[in-house]
Each structure stands twice: as structure tokens, then as C-alpha cells.
Amino acid sequence: MLRTADFPGPVFRDEAPATAAPSVSERIRARLLQAGQRHHANDNISEWIREGELDELQAEVRDRMQAVLDALVIDAANDHNTNGTAERVARMFVTEVFRGRYVPMPAVTEFPNTSRLNQLMVVGPISVRSACSHHLCPIMGKVWIGILPNEHSNLIGLSKHARICDWILSRPQIQEEAVMMLADELERRVKPDGLALVMRSDHFCMRWRGVKDPEASMTNSVMRGAFLNDAALRREFLSLLSSRDD
């Protein structure tokens, strides 16, 4: 009498193990590497993100943030305060505090300088928020912008200065580099004879941790063109800044 056991099924040898599909962060990173594109914490990578992938990225960050909570031995499943924290943190990182990495520059309407304005313009203080790339602690501060236009300059609306600031600052970074990136973007768009920037911020990596100094702050300035070469113009800008400080 024949039994089923006498006819074993086929044996497949040297089968390759199944591999998981690459995560969305791996797909985006592969595009960046293929293009030879730098992707530091303060770089904008929106050009290499495809439609729908930001939602996938947020879900991936959520899962990895949940793993961080688990590693910290936090029972988020049963703790009503941290239940859902991973989702909230992921949404905050991708759509709010690091948004400047993942979305293109906001639309900025530019106007020709038909009146040939050539006098100093000061915009500020503009409230800005960022995060220290060393500890991901908040940076909260203000920016003042001085522009000396010429007849060939492009003029942009007051609110657009704030939008550009927010786009540049909504990334993990250090303040010294942030003001240079902001100056580069404004100079490229406006093409003024002179550009001046001052940023003054509180750093919670010094207030909340480390030395825990509640009064610590940092001030940076960038002076280009006429502001760098004309001491009187530079003094005028700084005096106007002081008169509106706080």
C-alpha cells in the first residue's frame, strides 16, 4: 500500500532568501546618492521626493520613533501620556519643524523696481524657529533684514521675507550657517546693492541641557555689498535695528 509519505514534495536548493522592499527613506537616499546630491540636515531635498512619499516618510519616522520610546523603556501602549507620541513627533518633524527640508521654496512674487528705489529698507523683527542639529533642541529668535536696492533689483512683499526665513530656518542646523543660507537666498532673489542680516536667538541646547544657562543667546550678522563697504550705512541699519529691538 502506497502512502503519501513515500512521495515527498520537491526539494528546492540554493533558493535566495526573500528580501524586504526598500523603505521610502532608502528610496529617497538612493536617488540623492545617484545624483551626487548632498543631503545634510540643513539641505532641502524636495526635488528628490515623489508624490505621496512624504506620507510614507512620516509613517516610517513614526515607527522608528516608537522604537526609540521602546528603547527608553517607556510603556507607550499603556501610558496615556505617551500613547500616540510617536505619531505626533513624526508629524511635527516632517510637516512642521523640519518642513524646510522636504518642501520646495514657497511661491514668492517679485516686482520690478519701477520707481528706482535706492534707499535703505529694514524688515523685522521676524520671529524664527529652528532646531540645533547637534541635539535637536529648539532655537527661537528674531531676524532683521536690511536691503539697499538698485534700479535693477527685484522687490518682494514684506510677508515673503517671513516665508523665506521660515523655509530656511525650518531645518536642523547651526545658526552660523542658517544666516549665511538666508543671505544667499535673499541676495539671489533681490539682487540688491547691499544686504544686511542680524539674527538673535535663544538656544535650548544651552538652556535646557549642558550648562543650563537661562540667559544664553547668540547674535550673528551678515554684511554684504554696500553694507560691508560703507560704515555709515552699516551704522544706520544697526541703529534702526536697535530702535525696534524687543
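Residues are numbered from 1 along each chain as its sequence is written, and side-chain values use heavy atoms, with hydrogens and water left out. Because the model is predicted, local features need pLDDT of at least 70 and side-chain atom pairs count only at pLDDT 80 or more, while totals for chains, interfaces and linings use all residues.

The largest nonpolar core holds 29 residues. Such a core is a set of buried Ala, Val, Leu, Ile, Met, Phe, Trp, Tyr and Cys residues joined through side-chain atoms within 4.5 Å. Buried means under 20% relative accessible area, exposed means over 50%, and partly exposed lies in between (1.4 Å probe, protein chains only). Val143, Ile145, Ile164, Leu182, Leu186 and Leu197 have the most contacts inside the core. Two or more residues come from each of E2, E3, helix H5 (158-169), H6 and E6. H6 gives the most, with six residues. Helices (H or I, at least four residues) and strands (E, at least two) are DSSP runs, numbered from the N terminus. Val143 touches several residues beyond four places away in sequence, among them Val123, Pro125, Cys165, Leu182 and Leu197. Contact here means heavy atoms within 4.5 Å.

Two aromatic pairs were found in a search of the whole structure. Rings of Phe, Tyr and Trp (its six-membered ring) pair if their centres lie within 6.5 Å; planes under 30 degrees apart count as stacked, over 60 as edge-to-face and the rest as tilted. Phe93 and Phe98 are stacked, because their ring centres are 4.8 Å apart and their planes lie at 10 degrees. Phe98 has 8% relative accessibility, so Phe98 counts as buried. Phe227 and Phe237 have ring centres 5.8 Å apart and planes at 70 degrees, so this pair is edge-to-face. The pair links helix H8 (residues 226-229), which holds Phe227, to helix H9 (residues 231-243), which holds Phe237. Both Phe227 and Phe237 are buried.

A charge also meets a ring. The charged end of Arg171 sits over the ring of Trp167, 4.5 Å from its centre. The criterion is NZ of Lys or CZ of Arg within 6 Å of the ring centre and within 35 degrees of the ring normal.

The peptide bond from Gly124 to Pro125 is cis, with omega near 5 degrees. Pro125 lies in strand E2 (residues 121-132). Leu136 is not a glycine, yet has a positive phi of about 60 degrees. Leu136 is placed in the loop between E2 and strand E3 (138-148). Lys191, also not a glycine, has a positive phi of about 55 degrees. Its loop runs between helix H6 (175-190) and strand E6 (194-203).
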